[in-house]
Amino acid sequence: MRTRTALNTRTLLICAAIGVATGILGGIAGTVTLGVLAVVPYVYGLVLGVHVLPGIIAQEVLRRPLVALITHVVAALISSAFNPVWAMRFIGTALLFGAIQEGVAALTRYRAWGRWRFFVSAAIIGVIVAAVVGVVVDLARFELWVQVVYLVVSVLGPIAWTAIGVAIGNSLRRAGIAPAT
């Protein structure tokens, strides 16, 4: 009798492919970050939100433990090629976002794959992004309207990217990318 593991070769290759594709997007986001922070810092949540994609797509396609974390790490390594100075930031973000996405999935014992759980992790990430980056950019120095827009966009950015990631993952699943269960 053959024993199946959650992380067989096909699963790992799918994680790698998703990680490479989303890592390129993350690298582009990292490249434009300084410009965005200098010119329109209140939309930075949209830029940083792209980093939710690896785990969301992987979990929607594969629906298995650890795929979000593995895919995030691959994406971070690819993003690091675009901006090696930020490699540790990419890896730290990958570990944080991947852990949050895995944590929400683990709360349901990896049995509930309704879209709501993707958006719960996105909202948690959005709140963390708003808090951390708000401190980093010294949000208090901006006018009130900038502060409000920044906070709203920081929370909604990861949620918007999550909706995109769920749509992509769903399309990949329908196309037959997901391994047979």
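This is a predicted model: local features need pLDDT of at least 70, side-chain atom pairs count only at pLDDT 80 or more; totals for chains, interfaces and linings use all residues.
Contact here means heavy atoms within 4.5 Å. Ala, Val, Leu, Ile, Met, Phe, Trp, Tyr, Cys and Pro count as nonpolar, Asp, Glu, Lys and Arg as charged, and the others, Gly among them, as polar. Helices are DSSP runs (H or I, at least four residues), numbered from the N terminus.

Residue numbers start from 1 along each chain as its sequence is written. Local features need pLDDT of at least 70, side-chain atom pairs count only at pLDDT 80 or more, and totals for chains, interfaces and linings use all residues, while side-chain values use heavy atoms, with hydrogens and water left out.

**Helix packing**

Two packed helices are described by the angle between their axes and the distance between the axes. The axes are lines fitted to C-alpha atoms, for helices over the stretch in contact, and the angles run from 0 to 180 degrees between N-to-C directions.

| Helix pair | Angle | Axis distance |
|---|---|---|
| α4 (residues 67-82) and α5 (residues 87-107) | about 165 degrees | 8 Å |
| α5 and α6 | about 145 degrees | 9 Å |

Helices α4 and α5 pack at an angle of about 165 degrees, which means that α4 is roughly antiparallel to α5; this term applies to angles over 145 degrees. The crossing of α4 and α5 is right-handed, and the crossing of α5 and α6 is right-handed. A crossing is right-handed if the near helix is turned clockwise from the far one by less than a right angle.

On the α5 side of the contact with α6 are Leu96, Phe97, Ile100, Gln101, Val104 and Ala105; on the α6 side are Arg117, Val120, Ser121, Ile124, Ile125, Ile128 and Val129. This contact holds ten nonpolar residues, two polar and one charged. Ser121 in α6 is buried, with 1% relative accessibility. Buried means under 20% relative accessible area, exposed over 50%, and partly exposed in between (1.4 Å probe, protein chains only). Apart from neighbours within four places in sequence, Ser121 is in contact with Ile56, Ile100, Gln101 and Val104.

**The core and helix α3**

The largest nonpolar core has 32 residues, and those touching the most other members are Ile18, Tyr44, Val61, Leu62, Ile125, Val129 and Val133. Such a core is a set of buried Ala, Val, Leu, Ile, Met, Phe, Trp, Tyr and Cys residues joined through side-chain atoms within 4.5 Å. Helix α3 gives the most to this core, with six residues.

Ten of the ten residues of α3 are buried, so α3 is largely enclosed by the rest of the structure. The cover over these residues includes α1, α4, α5, α6 and α7. Leaving aside neighbours within four places in sequence, Val61 is in contact with Ile14, Ile18, Gly169, Leu172, Arg173, Ile177 and Ala178.

**Two loop residues**

Most residues other than glycine have a negative phi. Arg63, in the loop between α3 and α4, has a positive phi near 50 degrees and is partly exposed, at 29%. Arg109, in the loop between α5 and α6, has a positive phi of about 55 degrees and is exposed, at 59% relative accessibility.

Key:
Angles under 35 degrees count as roughly parallel, over 145 as roughly antiparallel, 65 to 115 as roughly perpendicular and the rest as oblique.
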